[in-house]
Amino acid sequence: MIYFNTTCETGTTLKESIKKVMGQDKTITALFNSRPLSMYTADEVLKYSRLSNRTPLTSVRRSLSVLSTPTKLNPNPKLIKTTVKKMGTYGKLCYCYMLKS
């Protein structure tokens, strides 16, 4: 889990935001684990996962980016960003992600 504290939150507010991010990452990972051969765009993750209907698409994109990018904090990402693209909600092609095998 990586939280980008771009609004300089502190205390209880920061803890609540981190908890939300952890829940989003867990929910998104669960979707991919439930269908290990499927590929999803951020739009599809938002549609098919059990995320709140108030979850912004940007939060899904953040989670997909974090879950698919190797870093010091995340050396073994759970997802991979594929080269496959599908049409997204706003008429633009979006990359698909899938569970790393």
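Two strands are said to pair if DSSP finds at least two bridges between them. Helices (H or I, at least four residues) and strands (E, at least two) are DSSP runs, numbered from the N terminus. The structure shown is a predicted model, in which local features need pLDDT of at least 70 and side-chain atom pairs count only at pLDDT 80 or more, while totals for chains, interfaces and linings use all residues. Residues are numbered from 1 along each chain as its sequence is written, and side-chain values use heavy atoms, with hydrogens and water left out.

Select residues 79-87, which are strand 2, and residues 93-99, which are strand 3. These two strands pair in the antiparallel sense over 6 bridges. Lysine 81 has tyrosine 97 of strand 3 as its bridge partner. In the hairpin that these strands form, 5 residues lie between the strands, and glycine 91 takes a positive phi near 80°.

Tyrosine 40 has tyrosine 97 in strand 3 as its bridge partner. The complete sheet is open, with 3 strands in the order 1-3-2 and antiparallel pairing. Strands of a sheet pair through backbone hydrogen bonds, either parallel or antiparallel.

**Second stop: the helices on the sheet**

Display residues 11-34, which are helix 1. Helix 1 lies across strand 1, strand 2 and strand 3, and runs at about 75° to strand 3. Next display residues 57-68, helix 3, which packs on the sheet and touches strand 2 and strand 3. The direction of helix 3 makes about 135° with that of strand 2. Contact here means heavy atoms within 4.5 Å. Axes are lines fitted to C-alpha atoms, for helices over the stretch in contact, and angles run from 0 to 180 degrees between N-to-C directions.

Show the side chains of Phe32, Tyr40 and Tyr48, which form one aromatic cluster. Rings of Phe, Tyr and Trp (its six-membered ring) pair if their centres lie within 6.5 Å; planes under 30 degrees apart count as stacked, over 60 as edge-to-face and the rest as tilted. By this rule there are 2 aromatic pairs. Phenylalanine 32 and tyrosine 40 form an edge-to-face pair, 5.3 Å centre to centre with 85° between the planes. Tyrosine 40 and tyrosine 48 form a tilted pair, 6.1 Å centre to centre with 55° between the planes.

Is tyrosine 48 buried or partly exposed? Buried means under 20% relative accessible area, exposed over 50%, and partly exposed in between (1.4 Å probe, protein chains only). Tyrosine 48 has a relative accessible area of 46%, so it is partly exposed. Tyrosine 40, with 6%, is buried.

Select tyrosine 95, in strand 3. The charged end of lysine 81 sits over the ring of tyrosine 95, 4.3 Å from its centre. A charge sits over a ring if NZ of Lys or CZ of Arg is within 6 Å of the ring centre and within 35 degrees of the ring normal. Tyrosine 95 counts as partly exposed because its relative accessibility is 34%.

Cysteine 94 counts as buried at 9% relative accessibility, and cysteine 96 counts as buried at 0%.
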